[in-house]
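Have the viewer open and follow along from helix cap to surface patch.

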Amino acid sequence: MRFSFVLSEVLTGLRRNVTMTVAMILTTAISLGLLGGGLLVVRMIDHMRDNFGDEVEVNVYLNRDISATDKDCKQQPCAGIQSALSQDANVDDVRWENQDQAFDRFQRVFAGQPELLELTRKESLPATFHLKLKNPDRADVIVQTYSNKPGIDRVEDQGVFLERFFGVLNGVRNGTWVVAAIQAVAALLLISNTIQVSAFTRRTEVGIMRLVGATRWYTQLPFLLEAVVASLVGAVLAIGGLIGIKAVFIDNVLAEPIAANIIPRIQLWDILAISPILVAVAILISAVTGYVTLRLYVRT
């Protein structure tokens, strides 16, 4: 099989059906871009679980009276609460943070938001016991045990908030994949139609080639490669689009949560890591769709 002939046939087919080729490339690029976005969300969730999995705490917030008057937790009931927490079999470590320390930490974390700092008073931040548990799955036991004790305002499991946040990210991921699937169906239909139109416009020359002994694979391979090439161009556009969105949108809009280590930064490496998946999906979908179309609808 002459490679130069097959290549020329592929290029001819792409130029002859340029509008459908462009539509197929753009639809494939959008579909793969959405798929890549979902994969990036998955990587973000994995990074967050790695970063925060061992740092999740249970916070025991004390009431206003204790927070304002007992800075060193030497009086009752604060000292009794600290003793009970230290002796609890589920607690690995207890860290005391008084109101002044809580306010200092708040100012450091939100240093980039002066409006929020102006509106927040020190009295609104309670003194807190930060608990590191031996088994994070036992956090509900701590919440139930200490929620109603005298001097305690509330007990908060950070793991619950993280799971809710992960749930939101999972919802974004699932929604992105649904739209990507719809776009993928459109791409499949465009690939199929493009191959059919391309085969129809070259039906005479293909027929002559078959009469002189060309095999079915020899005549059908250019049509199949047209779909693969167009999908690969779409994959390259999708990867470039993800890099552009990261640089122009994500890094700017999420700058403050990223700086506060709330959300992990999406690195260029994350996009490069999922790029082979996008390329492989593009090749697989276009090749399978092209092969099925040629077998079912194109008699060449």
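Let's begin at a helix end: Asn98 caps the N-terminal end of H5, with a side-chain oxygen 3.1 Å from the backbone nitrogen of Asp100. Please keep in mind that this is a predicted model.

**Helix H5**
- Helix H5 runs over residues 99–109, and its buried residues are Gln99, Ala102, Phe103 and Phe106.
- At the N-terminal end of H5, the cap comes from the side chain of Asn98.

**Thr128 in strand S3**
- Strand S3 spans residues 128–133, and Thr128 is part of this strand.
- Is Thr128 buried or exposed? Thr128 counts as buried because its relative accessibility is 2%, and the cut-off for buried is under 20%.
- A polar atom of the Thr128 side chain lies 3.1 Å from the backbone oxygen of Pro126.
- Leaving aside residues up to four places away in sequence, Thr128 touches Asn59, Val60, Tyr61, Arg95, Trp96 and Glu97.

- Val18, Val22, Leu26, Leu225, Val229, Val233 and Leu237 make a nonpolar surface patch of about 510 Å².
- Two helices, H2 (18–52) and H10 (216–253), each supply at least two residues of this patch.
- Which helix gives the most to the patch? That is H10, with 4 residues.
- Leu26, one of the patch residues, sits in helix H2.
- With a relative accessible area of 45%, Leu26 is partly exposed, a class that falls between the under 20% of buried residues and the over 50% of exposed ones.

**The chain as a whole**
- The protein chain has 12 helices and 4 strands.
- Of its 300 residues, 40% are buried.
- Counting contacts between residues at least 6 apart in sequence, 83% join residues at least 24 apart.

Definitions and conventions
Residues numbered from 1 in each chain as written. Predicted model: local features only at pLDDT ≥ 70, side-chain atom pairs only at ≥ 80, totals over all residues. Heavy atoms only, no water. Buried < 20%, exposed > 50% of the residue type's maximum accessible area, 1.4 Å probe, protein only. Contact = heavy atoms within 4.5 Å. Polar contact = N/O pair within 3.5 Å; in protein donor to acceptor, adjacent residues only side chain to side chain. Patch = residues over 30% accessible without salt bridge, like charges linked within 9 Å, V, L, I, M, F, W, Y side chains within 5 Å. Areas by Shrake-Rupley, 256 points an atom, 1.4 Å probe, with all protein chains shown as cover. Salt bridge = Lys/Arg side-chain N within 4 Å of Asp/Glu carboxyl O.
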